[in-house]
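Subject: Structure handover

Hi,

Here is the structure for you to work with. Please open it first; my notes follow below.

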Amino acid sequence: MEAAAGVVVPAGGSGSASSRIERNNAVLKDPSWFGQFRNGSNPWMARYVYALIFLSANLLAWAARDYGHSALTEMERLKVCDGKSDCLGVEGVLRVSLGCFVFFILMFLLTLGTSKLQDPRDAWHSGWWSAKIAIWVGVTLLAFLLPSTMVRIYGEIAHFGAGVFLLIQLVSVISFITWINDRCLSEKNAERCHIHVMVVATGSYVISLVGIIMMYIWYTPDPSCLLNIFFITWSLVLLQLMTSVSLHPKINAGFLAPGLMGLYVVFLCWCAIRSEPAGEICNRKAEASKRTDWLTIISFVIGLLAIVIATFSTGIDSQCFQKSETQGSGENEEDEVPYGYGFFHFVFATGAMYFAMLLIGWNTHHAIKKWTIDVGWTSAWVRIVNEWLAVCVYVWMLVAPIILKSRRAGGSPPV
């Protein structure tokens, strides 16, 4: 192990691939940040560098939207903007997003199918940072030279790409929740985790119900707020539905998973209502947030970091969407890549479209106020549909095995 930790990789020769594998194995067994960065280029360090590039793109898009108007007026001379009051901000976001998308889609194409650490594409994924940063800067600058029509077309396509990102994130979250539930209910851990499961499940239901009550207080100040009343009440109904299905005798999935899903559903409902534009009588908090104060800035920064964290965590969760061909092979596991590189870059590519949609409120034709993120009726409905879809996916994951098993047996599905 000491030799592996201190190995020097030669520039060429047959030993370079095996040396890289030994070094990567040493890094993978060292969970500390210092150990990962001390050993130079490796897949774990690469994750943080790509996340930093993605965060830089987010900040650049925000700066172009809120503070780049004077600089972006030069684009009018190139006749790449229509000259409308909100055109420069929206197009600035879309152009930065386009550059980020092109960079990560190129990385996706160049690393797709990488499975072994000795593959030259592993070295490209985990190193060559000067070249890759130059490519990212280059494609971003090139995006600012494209005509306005092409950028607007990209903006329409980005709606679909952002939806794909939300779907991937949704499946990842649900898979993580069901994985925790299955681990806790397994024969090995059931007795040991019994108390923990009860505490976490009870706490999840209590927090969900408190959240629903607080949303009634904050966002339904008047009986005429029928839409918000519907959103909140329907979230409560969905929570009851998930619990009932999970506790059905033929499924018997317990309280933990629906409790955690309840937290996720209530959170999505809250995000949806918060996305309603300021000035609505049913969203007094949005009205209060019209002033740019320190709380508004902190909320914006947290929202921006949440985008990066969500993209980062979803990108390394490729196990939810693909099966490892060498799982359980034993002797071949050490030279396997720690996560799917192609899937990782694909998530970041769709994440580039997603942050563009959040910064322009999913609408390429209306202005966004400074220090705001994911605001507008389109944003609100996207969140609500995402909430309903999450419940549908979770319920289907519970009932699908029983339905498919019944069909294979030749009987009718259970009621």
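R95 and E91 both sit in helix α7 (residues 87-111), four residues apart, about one turn of the helix. Helices here are DSSP runs (H or I, at least four residues), numbered from the N terminus. The two form a salt bridge, with the closest N and O atoms 2.9 Å apart. A salt bridge means a side-chain nitrogen of Lys or Arg within 4 Å of a carboxyl oxygen of Asp or Glu. R95 counts as buried because its relative accessibility is 0%. E91 is buried too, with a relative accessible area of 0%. The cut-offs: buried is under 20% relative accessible area, exposed is over 50%, partly exposed is in between (1.4 Å probe, protein chains only). E91 and R95 also join R152 in a network of salt bridges.

Before the rest, the ground rules. This is a predicted model: local features need pLDDT of at least 70, side-chain atom pairs count only at pLDDT 80 or more, and totals for chains, interfaces and linings use all residues. Residues are numbered from 1 along each chain as its sequence is written, and side-chain values use heavy atoms, with hydrogens and water left out.

Other salt bridges

The count comes to four salt bridges. One of them pairs E336 with K116, closest N and O atoms 2.5 Å apart. That pair links distant parts of the chain, 220 residues apart: E336 is in the loop between α15 (294-315) and α16 (341-359), K116 in the loop between α7 and α8 (120-126). E336 is buried at 15% relative accessibility; K116 is partly exposed at 24%. R121 and D119 also meet in a salt bridge (3.0 Å, N to O). R121 is partly exposed at 28%, while D119 is buried at 18%.

Surface patch

L227, F230, W234, V237, W377, W381 and V385 form a nonpolar surface patch, with about 600 Å² of accessible area together. Helices α12 and α17 (377-408) each give two or more residues to the patch. α12 gives the most, with four. Patch rule: over 30% relative accessible area, no salt bridge, nonpolar side chains (Val, Leu, Ile, Met, Phe, Trp, Tyr) joined within 5 Å. Areas are Shrake-Rupley, 1.4 Å probe.

Helix α10

Helix α10 (residues 148-185) has 38 residues and should span 56 Å at 1.5 Å a residue; its end C-alpha atoms are 55 Å apart, which agrees. The expected span is 1.5 Å times one less than the number of residues. α10 bends by about 30° at I157, taken as the angle between axes fitted to the seven residues ending there and the seven starting there.

Best wishes

Methods. Patch = residues over 30% accessible without salt bridge, like charges linked within 9 Å, V, L, I, M, F, W, Y side chains within 5 Å.
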